[in-house]
Amino acid sequence: MFAPKAGEWGLPIAPAVGDVVQGNSMAKPVVIVVGADKGGVGKTTVSRTLLDYFSANNVPTRAFDTESPRGTLKRFHPEITEIVDMTTTSDQMKIFDTLNAASPSVTVIDVRAGLLSPALASLRDIGFLDAAKAGQITFSVFHILGPSIASLDEIAETANFMQGAKYYLVNNFINDTQFFQWDQATYNSYFRRIKDATELTIPKLNEMAYEQVEVASVPFLKFVANKGVHDEAANYSFVLRGYVRHWLANVWSEFDRIKLTDLVGAKPGVRGGEK
């Protein structure tokens, strides 16, 4: 395994055109991987809330949807999302050879079901994890957990890749999922396997409200603002928009609690989804 040197991963010795400079220091690229080895746990929903959160906090963000060739994330955030096949070298280059761009400062990668562990192994093989361990990149993993022991077993495998990364274990209740609170010993035994892992919860959203956002094919923020795909005035239900607004505020409270904006040196402020 090679150790990344100065000049790799968009972090040259001296600032150059395309580097992100904040104050007197150069900002590190921020990469957030959202995924799970199990399908149906709502990982794309979490990716959508992250993109809305950074947008509301004025943090430039881009996204990669690895559900090639047809991506769900791109349907909701087409302007900033590119569909890639993360198993190919050429598409890995699209993502990681461009981390030194001046804008955006955050890259969100929505990893398709079953690809989390292989994706992390690829990041190890190309030296990305070494760069994160060396402090050249800010790397975070949002591991979306399902309600089965098999899903929790993923934690042990994922732990092998988490040195140098911020690791978030996400209980996603968007689909009314039930976890292991009935057996606290079992529940705790899995969550203790990774040192410094942070647990967070995505609450349940009213089913009809969630369905209406799906039909509208717009970000949660646009739905709350009663806007269509091209920012035109829409006519969404006042009641359903209220449910989404309240839910989104709760999700963002979780992101505030884990100080997500600290990754890019920003501070959360008054946001549209909370008005």
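How many bridges join β4 to strand β5 (residues 81-83)? The count is 3, and the two strands run parallel.

## Basis

This is a predicted model, in which local features need pLDDT of at least 70, side-chain atom pairs count only at pLDDT 80 or more, and totals for chains, interfaces and linings use all residues. Residues are numbered from 1 along each chain as its sequence is written, and side-chain values use heavy atoms, without hydrogens and water.

## Strand β4

Strands (E, at least two residues) and helices (H or I, at least four) are DSSP runs numbered from the N terminus. Two strands pair if DSSP finds at least two bridges between them. β4 pairs with strand β6 (residues 106-110) in the parallel sense over 5 bridges. Arg62 has Thr107 as its bridge partner in β6, while Asp65 has Ile83 in β5.

In strand β4 (residues 61-65), 5 of 5 residues are buried (under 20% relative accessible area, 1.4 Å probe, protein chains only). Thr61, Ala63 and Asp65 point one way, and Arg62 and Phe64 the other. In a regular strand, side chains alternate between the two faces of the sheet.

## Largest pocket

The largest pocket has a volume of about 410 Å³. A pocket is an open set of points on a 1 Å grid over the protein atoms alone, where a 1.4 Å probe fits, with protein on both sides within 12 Å along at least five of seven lines; lining residues have an atom within 4 Å of a point. The volume is the space filled by probe spheres set on the points.

Of the 24 lining residues, Asp52, Ser55, Pro219, Leu221 and Lys222 are the closest to the centre of the largest pocket. α1 (43-56) and α9 (220-224) each supply at least two lining residues, and α1 gives the most, with 4.

Notes: Buried means under 20% relative accessible area, exposed over 50%, partly exposed in between (1.4 Å probe, protein chains only).
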